Amino acid sequence: MQIGRVIGRVWATCKDPNLETQRMLIVQPLTVELEPTGKQLVCLDAVGAGAGELIYWCRGKEASFPFLPAEVPTEATVVGIIDRLDVRRKK
Amino acid sequence: MILARVAGTIVATRKDPRLEGFKLLIIKPVAPDGKEESGYVIAVDTVQAGSGDLVIMVSGSSARMADGCKDKPVDASIVAIVDTVSLDTQKKK
């Protein structure tokens, strides 16, 4: 799982039947210093995350597990909203 | 999942029997701000997307969860045609 920030939304009317009622968010992956890293991607939302929120997201087939027993075709899902982040840094 | 634009179609007569009846499209990944990224991907189309459409592509084993792709040799599926993309960073323009 990786840290990210919600930076936008996607709307689609014509989509897979199992994607209906799912929210799609655009997420920018971040480092632990909260610097942008890597490409922006589209994630489904399992926790009700909103614009600008710091979240963590899950990649791979496991990304569809929050929606079981429905087999939702997703390989990236927002699975948590981060309240606080503590990182020990080397001096 | 990533955004991509449909760039063309692929026709193949000899293929795995489990892929028969599927429409194969060539898509080019694009960033959410609309810039095209490098490389092309061949993806199975499950939503009847057309040339030039902005679509959402699922890759990896999740691609087999798309409508009708169960137990098929597929690692990239088109699962939605995008209507609108809204980015919070649009103010910067």
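In the predicted model described here, 29 residues of chain B are in contact with 29 residues of chain A, two residues being in contact if their C-beta atoms, placed from the backbone, lie within 7 Å. The side of chain B that touches chain A draws at least two residues from each of β1 (2-10), β4 (54-59), β5 (76-81) and β6 (84-87) of chain B. Strands (E, at least two residues) and helices (H or I, at least four residues) are DSSP runs, numbered from the N terminus. By class, this side of chain B comprises 17 nonpolar, nine polar and three charged residues. Ala, Val, Leu, Ile, Met, Phe, Trp, Tyr, Cys and Pro count here as nonpolar, Asp, Glu, Lys and Arg as charged, and the others, Gly among them, as polar.

The model is predicted, and local features need pLDDT of at least 70, side-chain atom pairs count only at pLDDT 80 or more, and totals for chains, interfaces and linings use all residues. Residues are numbered from 1 along each chain as its sequence is written, while chains are lettered from A and ligands numbered from 1 in the order in which they are written.

The two chains are also linked through strand pairing, which is assigned if DSSP finds at least two bridges between two strands. Strand β2 (residues 14-15) of chain A pairs with β5(B) in the antiparallel sense over two bridges. In this pairing, A:K15 stands opposite B:A80 of β5(B).

Chain B has zero helices and six strands, and its pattern along the sequence is β-β-β-β-β-β. Along the principal axes, its C-alpha atoms fill a box of roughly 50 × 25 × 20 Å. Within chain B, β2 (residues 23-29) and β3 (residues 41-45) form an antiparallel pair over five bridges, where B:K23 stands opposite B:D45 in β3(B). β3(B) also pairs with β5(B), here in the parallel sense and over two bridges; B:V44 stands opposite B:S77 in β5(B). Of the contacts in chain B with a separation of 6 or more, 51% involve residues 24 or more positions apart.

Buried residues make up 34% of the 93 residues in chain B. A residue is buried if 20 or more other C-beta atoms lie within 10 Å of its own, exposed if 12 or fewer, and partly exposed in between. The largest nonpolar core has 50 residues, and those with the most contacts inside it are A:V42, B:V55, B:I56 and B:M57. β4(B) gives the most to this core, with five residues. Such a core is a set of buried Ala, Val, Leu, Ile, Met, Phe, Trp, Tyr and Cys residues joined through C-beta atoms within 7 Å. Leaving aside residues up to four places away in sequence, B:M57 touches B:M1, B:I2, B:A4, B:I27, B:V41, B:A43, B:A76, B:S77 and B:I78.

In chain A, a cis peptide bond with omega of about 10 degrees joins A:L68 and A:P69, and A:P69 is found in the loop between β5 (54-59) and β6 (76-81) of that chain. A:T21, a residue other than glycine, has a positive phi near 70 degrees. A:T21 belongs to the loop between β2 and β3 (24-29) of chain A and counts as exposed because it has 7 C-beta neighbours inside 10 Å. In chain B, phi of B:D71, likewise a residue other than glycine, is positive and near 60 degrees. B:D71 lies in the loop between β4 and β5 of chain B and is exposed, with 7 other C-beta atoms within 10 Å.
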